[in-house]
Amino acid sequence: MRIDRFVKLLNEMNFDGAFISPGSNLYYLTGLKLHEVGERPTILVVSADGEYKLLAPSLYSNVITNFPVTFWRDGENPYAKLSTILGELKLYRGRFLVEDTMRADWLIGILKLGNFEFHPLSSLIRLMRMRKDREEIENMKHAARIADKVFEEILSWDILGMSEKELALKIEVRIRELSDGVSFSPIVASGENSANPHHEPGERKIRKGDIVILDYGARWRGYCSDITRTIAVGRPDEKLIEVYEIVKEAQEKAYRAVREGIKAKEVDKVAREVISEAGYGEYFTHRTGHGLGLDVHEEPYIGPDGEVTLENGMTFTIEPGIYIPGLGGVRIEDDVVVEGKGKRLTKAGRELITV
Ligand SMILES: CSCC[C@H](N)C(=O)N1CCC[C@H]1C(=O)O
């Protein structure tokens, strides 16, 4: 089980234990899929001795079976129960890993129960999660195939006159029909809105001459895909057509630079150089990519500061972009796995398509 490997690493790195709240790390280590948001304390306590126990609200009692757990009911004090767990596991002080995103009130509750020094869980678990095993990669390939299929379908829709919001909803519905859910709320950015890399789809209607950025992803058994394609509705501004070709070249060259043993920042540099040499460096305002897996953004990050050396089994995006305020933007994104060299998981065409 992954938790055994985790305990081994805890010992190697001189940690006494870990506190893990619901989310992708809990799922990765235990297979338990619990809601991430909620005020009811839900905490997995792991000791470096290899023992572990979950504190969970009793409303999960039908879901959590065959797992060491102490339930607490609404009206009871969860921290009194947590204190008992800590006594059972003999954890009173020491160096502990704690989930990076744990709620502050839970953290404060834990801190009152012992003399704990906290360190971010990501510092250790990244070493496990960055390299995907065969099953994880199969799930990612499936999620990527769904993203490709949705893109093919979008091209057959009549999007002229649709609002960004309407198109984003239609994409989301189709992803949900084909998968376990969306990786994130789809981005549809049309016309001048495409100059905002994280544009939130709004009421703007898609019109002739628009460039439209479509950025979305599907989940399959927890694993994400994340694809961006930029399409034209009619003939867009000549400058954006030129920009499209530059981004395409940057994406292709960065993809070809991917190989086992190269540093993430070297891949970023390749994309950045193409864009800078074309005179658009200041308009490439984000990193070239990010790791992808159970989370849509995880390690390794493919940016100018990316010190991670790429290894087989690592999965990430390659997504350079150019964004010109008042005019529009272009981004092309694929998901990639390292297998000696880089292999694309998303395979939708990258030529500029006019609908
Ligand atoms: C999770 S919302 C953003 C999803 C998008 N696919 C994405 O990851 N990016 C868009 C701009 C760059 C990149 C990012 O690093 O945020």
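The lining of the largest pocket divides into eight nonpolar, seven polar and 11 charged residues (Ala, Val, Leu, Ile, Met, Phe, Trp, Tyr, Cys and Pro count as nonpolar, Asp, Glu, Lys and Arg as charged, and the others, Gly among them, as polar). The model is a predicted one, in which local features need pLDDT of at least 70 and side-chain atom pairs count only at pLDDT 80 or more, while totals for chains, interfaces and linings use all residues. Residues are numbered from 1 along each chain as its sequence is written, and side-chain values use heavy atoms, with hydrogens and water left out.

A pocket here is an open set of points on a 1 Å grid over the protein atoms alone, where a 1.4 Å probe fits, with protein on both sides within 12 Å along at least five of seven lines; lining residues have an atom within 4 Å of a point. In the largest pocket, 26 residues form the lining, and G23, S24, R129, L294 and D295 lie nearest its centre.

And where does the ligand sit? Its place is the second largest pocket (more than half of its atoms lie within 2 Å of the grid points). Around the ligand are 13 residues, the closest being H198, D215, D226, H290 and H297, where a surrounding residue has a heavy atom within 4 Å. By class, this shell holds three nonpolar, four polar and six charged residues.

Polar contacts (pairs of N or O atoms within 3.5 Å) can be followed one by one. An N or O atom in the side chain of H297 is 2.6 Å from a ligand oxygen atom, and a polar side-chain atom of H290 lies 2.9 Å from an oxygen atom of the ligand.

Key. Polar contact = N/O pair within 3.5 Å; in protein donor to acceptor, adjacent residues only side chain to side chain.
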